[in-house]
Amino acid sequence: MWTYHEPAKLIFGVGAAENLNSEMEALGVTKAVLLSSKSMFRQGIPQQLAELTGGKIVAISTEVEPDPTVENVDHAAALARQNGADCVIGLGGGSVIDCAKATAAAVAENLTAAELVRKKDVKAALPIIAIPTTAGTGSEVTRVAVISDKSAGLKLAVYSQALFPKLALVDPQYTASVPKRTTAATGLDALAHALDALSSRKPSPVTNALAQKACELIVKNLEAVLEDGNNLDARAGMSQASTIAGLAFSQTGTAGSHACSYRLSIEHHIPHGEACAFTLDRWVEINAEARPELRQIYQAIGFENEAAFAAWINRMKAKGELRTTLRECGVTDRAEIAAFADHALKNNNYANNVAQIGYEGLYKLFEEKF
């Protein structure tokens, strides 16, 4: 038995964002707060959207860190309350969209961000509109927001049906200015979402089909867009892959690559996509041992075997100038390998992974990356 639930309305394509005003009217939105990445603000995109919507966007904020914090959410929630907002728009990468989701829930639930991320049952949120500007996170079609509480040294995920955006406007042209390294990191994050969906303990025929299609699109387009960031066809392919991968893992959850990423992000400030890519090559091989049918999927997307697929992932890391060793990530003491293995072992994402390699297996995985 399996189910599939995806309530977000999705509009994809160049010019998709031009539908914002009519879609806000259809949702009955009258006052929206827009959270934007700083790069989009410098390009004037939020200002253009505010003009397009004829005053429905009543406030704009760029106060969102790369890993959004409880302080970022509290700031945005205060802005929404002050302006009587009935909608939150996220224009940016996964960090901005996650912050928008958490803000919408904090306002509706009348909670501080610290209270929200520790609440087990989040039932309400203001309507959320997501406009992604990177091709990676898939946050525009998922029910999760990941928020950091730096004072507690924690990165916490809030899951709720209320966090599904009401509307996702995926406009590939907004990704055209993303730098090469970020393009690589977010592209491999999308691949991690697809591969984690395939190797999760909760796959279905629908999620497998979506995840395989996302992998095909990434293999076809990622190298092309790394070689020419102005290749809009390749950018569109990656945007499509990111959203499709999001549609897959929104149902299955993430798995091994994400479990191994969090300590890299929390303790060593490695961007999320780069941190997920760090062990992704090894999980391709490890999970194929536990679920041999994955080899047929790898072959269908153009690789002879899991070793060839892992080698391609490592080539994309090199082309995108991503870090591939713990030393490059700032880990200088081999004793810290134990902490990485222990942190991954205790993570719910690891429990969702088809291959259970235990503490010793995780230790060996990180030791290979030292």
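Biologist: Let's start with His269: is it buried or exposed?
Modeller: His269 is exposed, with a relative accessible area of 65%. Bear in mind that this is a predicted model.

Biologist: Where does His269 lie?
Modeller: His269 sits in the loop between α11 (262-268) and α12 (272-290).

Biologist: And what is phi like at His269?
Modeller: Phi is positive at His269, about 60°, although the residue is not a glycine. For background, most residues other than glycine have a negative phi.

Biologist: I also flagged Glu321. What is its phi near?
Modeller: Phi of Glu321 is near 60°, again a positive value in a residue other than glycine. Glu321 belongs to the loop between α14 (306-319) and α15 (336-345).

Biologist: Is Glu321 buried or exposed?
Modeller: Glu321 is exposed, and its relative accessible area is 55%.

Biologist: Okay, zooming out. How many helices and strands does the chain have?
Modeller: There are 17 helices and eight strands in the chain. The radius of gyration is 19 Å, close to the 21 Å that the globule rule gives for 370 residues, so the chain is as compact as a globular protein of that length.

Biologist: What box do the C-alpha atoms fill?
Modeller: Along the principal axes, they fill a box of roughly 55 × 45 × 45 Å.

Biologist: What percentage of the residues is buried?
Modeller: Buried residues account for 57% of the 370 in the chain. The accessible surface of the chain comes to about 14600 Å², and 49% of that belongs to carbon and sulfur atoms.

Biologist: Now the inside. Which residues touch the most other members of the largest nonpolar core?
Modeller: That core has 41 residues, and the ones touching the most other members are Leu191, Leu195, Leu222, Phe309, Trp312 and Ile313.

Biologist: Which helices each supply at least two residues of this core?
Modeller: They are α7 (180-198), α8 (205-227), α9 (232-252), α12, α13 (294-300) and α14. The most comes from α7, which gives 10 residues.

Biologist: What is Trp312 in contact with, away from its sequence neighbours?
Modeller: Leaving aside neighbours within four places in sequence, Trp312 is in contact with Leu191, Ile218, Val219, Leu222, Glu223 and Phe303. There is also a second, separate core of 32 residues, including Val64, Ala77, Ala85 and Ala105.

Biologist: Switching to Leu91: where is it found?
Modeller: Leu91 is in strand β4 (residues 87-92). Leu91 is buried, with a relative accessible area of 0%.

Biologist: What does Leu91 touch?
Modeller: Not counting residues up to four places away in sequence, Leu91 touches a list of residues that includes Leu34, Leu35, Met40, Ile45, Leu49, Val96, Ile131 and Tyr174. As for Thr62, it is 29 residues from Leu91 along the chain, and their C-alpha atoms are separated by 9.7 Å.

Biologist: Last one, Ala339. Which helix does Ala339 lie in?
Modeller: Ala339 lies in helix α15 and is partly exposed, with a relative accessible area of 27%. Ala339 and Tyr363 are 24 residues apart in sequence, with 8.9 Å between their C-alpha atoms.

Biologist: And what share of contacts with a separation of 6 or more comes from residues 24 or more positions apart?
Modeller: Across the chain, such residues account for 77% of those contacts.

Conventions: Residues are numbered from 1 along each chain as its sequence is written. This is a predicted model: local features need pLDDT of at least 70, side-chain atom pairs count only at pLDDT 80 or more; totals for chains, interfaces and linings use all residues. Side-chain values use heavy atoms; hydrogens and water are left out. Helices (H or I, at least four residues) and strands (E, at least two) are DSSP runs, numbered from the N terminus. The radius of gyration is taken over C-alpha atoms; the globule rule is 2.2 Å times the number of residues to the power 0.38. Buried means under 20% relative accessible area, exposed over 50%, partly exposed in between (1.4 Å probe, protein chains only). Contact means heavy atoms within 4.5 Å. Accessible areas come from the Shrake-Rupley method with a 1.4 Å probe; for residues, only the protein chains shown count as cover. A nonpolar core is a set of buried Ala, Val, Leu, Ile, Met, Phe, Trp, Tyr and Cys residues joined through side-chain atoms within 4.5 Å.
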